[in-house]
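These are my notebook entries on a single chain. I record what I looked up and what I found.

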Amino acid sequence: MNWKRILWIPICLIMLGIATILVLQFYSRRPTPVSGDQLDRAPAKPGVFRIAFGSCNKQSMPNHMWRAILNCKPDLWIWLGHSVDAKAEDMSFLKSQYDNQKQKPEYQDLLRSCRIVGTWDDNEYGMKNGNGLFKKKAESQQLFLDFIGEPEESIRRQQNGLYTSYVYGEPGRRIKVILLDLYYNADIPGPESDLLGEEQWRWLNNQLRDSKDDIVLLGSSLQLLPFEHPYNRWDDYPKSRKRVLQLLAETKPKLTVILSGDRHLGEISKSNDSGLPYPFYEITSSGLTHHVDFFYHLRAFFSPERNRYRVGELFFESNFGIIDIDQSGKFPVVSMQIRDQENQVRRQVRVSGESPESALMIASPAN
Ligand SMILES: [Fe+2]
């Protein structure tokens, strides 16, 4: 028997397997072409405040999603990290990537049509899995604020980190958007490590104590509720995760929703044991230009991603998020959606607050 020939069989099989993986990965990364009119099939009605949000955008890839987002006519766009792909310490390179993104015609249209706010993740911060040890963080902060159009006199240009808040609407019907900075003051991850820094914790405490009658949307570039997966999340800092959940339970805003990104997939999570007097939701939207690849699916085939809080199924295509807040009736109704680049709603939960203390929140996952 010719053993040399027999040995070639497994080698060829392995090479064929690798080639198949590479081909499948190539096709899984290809942006899906846009078709259809992308018109908003459920436009926001008068009296509804519409927020669109998203994360994980490659300026080097076709930016198909903006057309769908524009057609939603949002009142506000929130970046939740990875607005450009530039994990580099070279600040002039980072600036050139922001410029590249800003020059895209569809993004220019968005700039003209609604207010744009945001925070970052490690991609534009400049340090992979970034933390407060990054030497160029102050410089990087100014470049992000330039990109987002922050006024020169803004307090955000003087403080340590990007955290900020915005209020919309009249007292009693206020919507407060709180954006956190999870990098500038972060320790190296660990069981006792801190994610926000005391200055930001004090600020967040004041923001939430001032928000008892508000609907609070807490923007966090990393996932807060899901903790069972091995990717970056708040639970890399378990003490800080516990602390922020405790703070929400103590301060009890009228309604709280977490907006998160980072994961290159979409997901809605719901906690009934957060200490809040109502189910507590987190909507994760990521990414705008790319999504989990073949290797993620290969891993998930053998070990599916667990999340005890998940509502419905994970969504693996490119996506953006929509939050519609309808306060035209006696009680607020909040609709959370994950939409694809055809502007189709692919995941949805609607929450109706019949009373601030109510256990009557109604959640109806669609699709
Ligand atoms: Fe990302």
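**Entry 1. Conventions.** I call a residue buried if 20 or more other C-beta atoms lie within 10 Å of its own, exposed if 12 or fewer do, and partly exposed in between, with C-beta atoms placed from the backbone. The model is predicted, so I required pLDDT of at least 70 for local features and 80 or more for side-chain atom pairs, while totals for chains, interfaces and linings use all residues. Residues are numbered from 1 along each chain as its sequence is written.

**Entry 2. Pro238.** Pro238 is placed in helix α8, residues 238–251. Helices (H or I, at least four residues) and strands (E, at least two) are DSSP runs, numbered from the N terminus. I then checked Pro238 against Pro191: the two are 47 residues apart in sequence, and their C-alpha atoms are 5.8 Å apart.

**Entry 3. The chain as a whole.** I counted nine helices and 13 strands in the protein chain. Of its 367 residues, 41% are buried. For contacts I took two residues whose C-beta atoms, placed from the backbone, lie within 7 Å. Among contacts between residues at least 6 apart in sequence, 72% join residues at least 24 apart.

**Entry 4. The nonpolar core.** A nonpolar core is here a set of buried Ala, Val, Leu, Ile, Met, Phe, Trp, Tyr and Cys residues joined through C-beta atoms within 7 Å. The largest such core has 74 residues, and Ile78, Leu217, Val257 and Leu259 have the most contacts inside it. Helix α2 (residues 65–71) gives this core its largest share, five residues.

**Entry 5. Gly118.** Is Gly118 buried or exposed? Gly118 has 24 C-beta neighbours inside 10 Å and therefore counts as buried. Gly118 belongs to strand β3, residues 115–119. Not counting residues up to four places away in sequence, Gly118 touches Ile78, Trp79, Leu80, Ser83, Ile148 and Leu179. Ser220 is 102 residues from Gly118 in sequence, with 9.8 Å between the C-alpha atoms.

**Entry 6. Helices α3 and α6.** I used axes that are lines fitted to C-alpha atoms, for helices over the stretch in contact, with angles running from 0 to 180 degrees between N-to-C directions. The axes of α3 (residues 91–102) and α6 (residues 137–148) come within 10 Å and cross at roughly 10 degrees. That makes α3 roughly parallel to α6. Angles under 35 degrees count as roughly parallel, over 145 as roughly antiparallel, 65 to 115 as roughly perpendicular and the rest as oblique. The residues that meet are Met91, Leu94, Lys95, Tyr98 and Lys102 in α3, and Glu139, Ser140, Leu143 and Phe147 in α6. By class, the α3 and α6 contact residues are five nonpolar, one polar and three charged. For these classes, Ala, Val, Leu, Ile, Met, Phe, Trp, Tyr, Cys and Pro count as nonpolar, Asp, Glu, Lys and Arg as charged, and the others, Gly among them, as polar.

**Entry 7. Helices α7 and α8.** I returned to α8 and its crossing with α7 (residues 198–209): the axes come within 9 Å and cross at roughly 25 degrees. That makes α7 roughly parallel to α8. Leu204, Asn205, Leu208 and Arg209 in α7 meet Leu247, Leu248 and Thr251 in α8. I sorted this contact of α7 with α8 into four nonpolar, two polar and one charged residues.

**Entry 8. Loops.** Which residues other than glycine did I note with positive phi? Asn129 has phi near 50 degrees, and Asp262 has phi near 80 degrees. Asn129 sits in the loop between α5 (122–125) and α6 and counts as partly exposed because it has 14 C-beta neighbours inside 10 Å. Asp262 sits in the loop between β7 (255–260) and β8 (266–271) and is buried, with 25 other C-beta atoms within 10 Å. I also found a cis peptide bond from Ser286 to Gly287, with omega near -10 degrees. Gly287 lies in the loop between β9 (280–284) and α9 (294–302). Finally, I looked up Asn343, in the loop between β12 (333–339) and β13 (345–352). Asn343 has 23 C-beta neighbours inside 10 Å and so counts as buried. Its C-alpha atom is separated by 5.2 Å from that of Ala68, 275 residues away along the chain.
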